[in-house]
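Here is a short report on one protein chain. Please look at the sequence and the structure first, then read on.

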Amino acid sequence: MAGYIRKRERLADRCAWGLMLMLVLVPTQALAQTQTAPRSDHPKHAKVKAITKHTPEETFVVVGAGDIASCKNPEGARATAKLIEQIPGTVFAAGDLAYERGSAEDFKNCYDPTWGRFKNRTKPALGNHEYANHTAAAYFQYWGAQAGPAGKGYYSYDLGDWHIVVLNTNCDAKVLGGCAAGSQQETWLKGDLAKHPAACILAYGHHALFSSGVFKSHAVHPELKQLWEDLYAAHADLVLAGHEHSYERFAPQDPEGKADPANGIREIVVGTGGRSHDLLGFATPNSEAREWGTYGVLKLTLSPGKYTWEFIPEEGKSFQDSGSGVCHNHPAESN
């Protein structure tokens, strides 16, 4: 009998240990199953919407004018310098920067106190007054590498999707040998444009191919036509100029002066930097906006596939001009 009782006690002990083991293992396994079965907040067959990332539009500002600083009339350059002070971005200086002779003294005494404050962000172009000493030596000394290769006066740079070409429109300068087909600058321009086949294109220099200026020998420069032909063939969008001390905007046109809304180049003459004012004559074909009594600057906002322009007048004047256009080589989807 005693042996039977001992067997039962052993069996009971084993059952108790087995029961305790089950109590320990079962919650652990259940917890493990809960952790490995991920919870879903969506029905089995629901589609999860993809997250689209929107990249901010990359824009650049270019602001400036031509025909700028004279010690005989410093108020004009001071007025336009005040405008540029408030506008960040690249400054274009479209020739005739330091009157009267573009000498080292003119740059130091006339240009430097006004637009010279923006020297580090300026991309200049040569005017005819810089060639008063035939080699424009003071201009190249003042600007150094910012003016491109020494002695040439033409170069290019990029701002995002935009390719900017700076031209030396002083075609009678000995170093250029003219601006006709095969000339040094024309050959360079054609090659430079070929390297940027998909870019939006802006070009600027001092003289204009089209203008409503009173004295046509001063206002209109047919010697630039070949350069325009190259720009037109590359689907350029904008050409800026000075020389005429006034503001004039043209509708897109081809190098012959025929309106071409689809593929033409828009020319804007902005010789309003501060030197003096020139009267305009009767409007030539495709001239859309004109003003000759206001100093001011042209502000361009260059975006992927499009651009806007705005003429900003000196303090106290009311003339304004603004609008927008699309890039021929890469039009924006929104347009």
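## A hairpin with a two-residue turn

Strands E13 and E14 form a hairpin with two residues between them. Gly 305 in this hairpin takes a positive phi near 80°. The model is a predicted one.

E13 covers residues 296-303 and E14 covers residues 306-313. They pair in the antiparallel sense, over eight bridges. Leu 302 has Tyr 307 in E14 as its bridge partner.

Strand E1 (residues 60-65) and strand E3 (residues 90-94) run parallel. Four bridges join them. Within this pair, Val 62 stands opposite Thr 90 in E3.

## The seven-stranded sheet

Another open sheet has seven strands, in the order E6-E7-E8-E9-E11-E10-E12. The pairing is mixed here too. Strand E6 (155-159) and strand E12 (287-291) stand at the edges. Each has a single partner strand, so one side of each is left without a neighbour in the sheet. Neighbouring strands are turned by 15° against each other on average, direction ignored.

Inside this sheet, strand E7 (residues 162-166) pairs with strand E8 (residues 200-204). The sense is parallel, and there are five bridges. Trp 162 stands opposite Cys 200 in E8. Helix H5 (residues 184-194) lies across E6, E7 and E8. H5 runs at about 175° to E7.

## A cavity and a pocket

How many cavities of 30 Å³ or more are there? The count comes to one. About 70 Å³ of space lies in this largest cavity. Its lining has 14 residues, and the closest to the centre are Leu 167, Thr 169, His 207, Trp 228 and Val 239. Helix H7 (225-233) and strand E9 (238-241) each supply at least two residues of the lining. The lining divides into 11 nonpolar residues, three polar and no charged.

The largest pocket has a volume of about 150 Å³. Among the residues that line it are Leu 209, Phe 210 and Ser 211. Val 220, Pro 222 and Lys 225 are also part of the lining.

Glu 100 lies in the loop between E4 and H3. The peptide bond from Tyr 99 to Glu 100 is cis, with omega near 5°. Most peptide bonds are trans.

Glu 100 also forms a salt bridge with Arg 275. The closest N and O atoms of the pair are 3.2 Å apart. Which parts of the chain does this pair link? Arg 275 sits in the loop between strand E11 (266-270) and E12. Glu 100 sits in the loop between strand E4 (98-99) and helix H3 (104-111). These are distant parts of the chain, and the two residues are 175 residues apart. A search of the whole structure finds eight salt bridges.

## A positive phi at His 134

His 134 lies in the loop between E5 and helix H4 (137-143). This residue has a positive phi of about 75°, although it is not a glycine. Most residues other than glycine have a negative phi.

Key: Residues are numbered from 1 along each chain as its sequence is written. This is a predicted model: local features need pLDDT of at least 70, side-chain atom pairs count only at pLDDT 80 or more; totals for chains, interfaces and linings use all residues. Side-chain values use heavy atoms; hydrogens and water are left out. On a 1 Å grid over the protein atoms alone, a cavity is a set of points where a 1.4 Å probe fits but cannot get out, and a pocket is an open set with protein on both sides within 12 Å along at least five of seven lines; lining residues have an atom within 4 Å of a point. Grid points are joined across faces, edges and corners, and a volume is the space filled by probe spheres set on the points. Ala, Val, Leu, Ile, Met, Phe, Trp, Tyr, Cys and Pro count as nonpolar, Asp, Glu, Lys and Arg as charged, and the others, Gly among them, as polar. Two strands pair if DSSP finds at least two bridges between them. Axes are lines fitted to C-alpha atoms, for helices over the stretch in contact, and angles run from 0 to 180 degrees between N-to-C directions. Contact means heavy atoms within 4.5 Å. A salt bridge is a side-chain nitrogen of Lys or Arg within 4 Å of a carboxyl oxygen of Asp or Glu.
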